[in-house]
Amino acid sequence: MIEAVALTKRYGAKPALSGVSFSVAANEVVGLLGLNGAGKTTTMNILAGYLGATSGTVRIAGHDVVEDSMEARKLVGYLPEQPPLYLDMTVEEYLRFVFKLYRLAGSMAQRISRVAELTGIADVRGRLIRNLSKGYRQRVGIAQAVLPEPKVLILDEPTVGLDPTQIIEIRQLIREVARDTTVILSSHILTEVQAVCSRILVLHHGRLVADDTGEGLAERIHGKSRVTARARGSEEEVLAALRGIPGLARLESLGSREVGACDFACEGAEGRDLRVDVFDALAAANLPLLYTYGSECSLEEVFLRVIGADAGGERS
């Protein structure tokens, strides 16, 4: 649905993007993650056709955003970081304006009613936009983006400045919209991307440094399978039973947090789930396993390692 090839954007001598390439499939929800100034908004503006790239191409459902601009733009709904709202209009007046601006066919009243219900603004259609809370203004911004029923929805920092309750509401709204639409959203908030997106693109200093699922990034960055657990028995007994596990890379006692039990952490080869091996080893030694969980990298840890590795590559 979206294909970006070798996108480069320069502002004078300063590169904002350097050879960024990626693709997004139909009905996929992809997060564009990066620190402030990483190139997220520049990428969004190029995808939406609001900004030209210095070099490289973008196609939306096969339409080049430069050579076939009007056809490409018809397929895109866009919410910039600052929603394009007219504060002196009511919500109803604004959505009618957007309907006419897009020259949409069919019943205006029916489409606006449907979008208002979807985005949760049906009860404020008669209110001036300037009198709405920031959460409702964001909903109106999303409403204008989905009104033309786009194939691709581009959301730039959709929850910036919202309170926790509003953030949860907007996340749920994005999930509702994404059922029938390809969505790409940018954020510097890691939990936001993790909560909404099935795939993550990481930008750093204008370069794409990672493209994977959250779980895939964690596995690739960490490179180990870790287990933390508690077993009935002394420290000596538990560690002795576990040392015979094939491919064990690290074994560490975490002390006793329960009378008559020992907590421990162990790591195995990449991609190896140690839970079965741990269970079998302890069972063979007649040491009951009381508690276990996989210790996976958090998205925060993955992100810091990705941009840290990229920074190290730049210095070398």
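Predicted model: local features only at pLDDT ≥ 70, side-chain atom pairs only at ≥ 80, totals over all residues.
Residues are numbered from 1 along each chain as its sequence is written, and side-chain values use heavy atoms, with hydrogens and water left out.

**The sheet**

Please select strand E1 (residues 2–11) and E2, which pair in the antiparallel sense over seven bridges. Strands are DSSP runs of E of at least two residues, helices are runs of H or I of at least four, and both are numbered from the N terminus; two strands pair if DSSP finds at least two bridges between them. Within this pairing, leucine 7 has valine 20 in E2 as its bridge partner. Widening the selection shows an open sheet of four strands in the order E2-E1-E4-E5, with antiparallel pairing. Strand E2 (14–24) and strand E5 (63–64) stand at the edges with a single partner strand each, so one side of each has no neighbour in the sheet.

**A charge over a ring**

Next, select lysine 9 and tyrosine 11. Lysine 9 lies over the face of tyrosine 11, at 5.4 Å from the ring centre. The criterion is NZ of Lys or CZ of Arg within 6 Å of the ring centre and within 35 degrees of the ring normal.

**The aromatic cluster**

Now select Tyr86, Tyr94 and Phe97, which ring pairs link into a cluster. Rings of Phe, Tyr and Trp (its six-membered ring) pair if their centres lie within 6.5 Å; planes under 30 degrees apart count as stacked, over 60 as edge-to-face and the rest as tilted. The model has three aromatic pairs by this rule. Tyrosine 86 and tyrosine 94 form a tilted pair, 6.3 Å centre to centre with 50° between the planes. Tyrosine 94 is buried, at 2% relative accessible area (buried is under 20%, exposed over 50%, partly exposed in between, with a 1.4 Å probe and protein chains only). Tyrosine 86 is partly exposed at 45%.

**The largest pocket**

Finally, turn to the largest pocket, with about 690 Å³ of space. A pocket is an open set of points on a 1 Å grid over the protein atoms alone, where a 1.4 Å probe fits, with protein on both sides within 12 Å along at least five of seven lines; lining residues have an atom within 4 Å of a point. Of the 20 lining residues, Tyr50, Arg73, Val76, Leu101 and Tyr102 are the closest to its centre. H3 gives the most to this lining, with four residues.

Key
Points joined across faces, edges and corners; volume = space filled by probe spheres on them.
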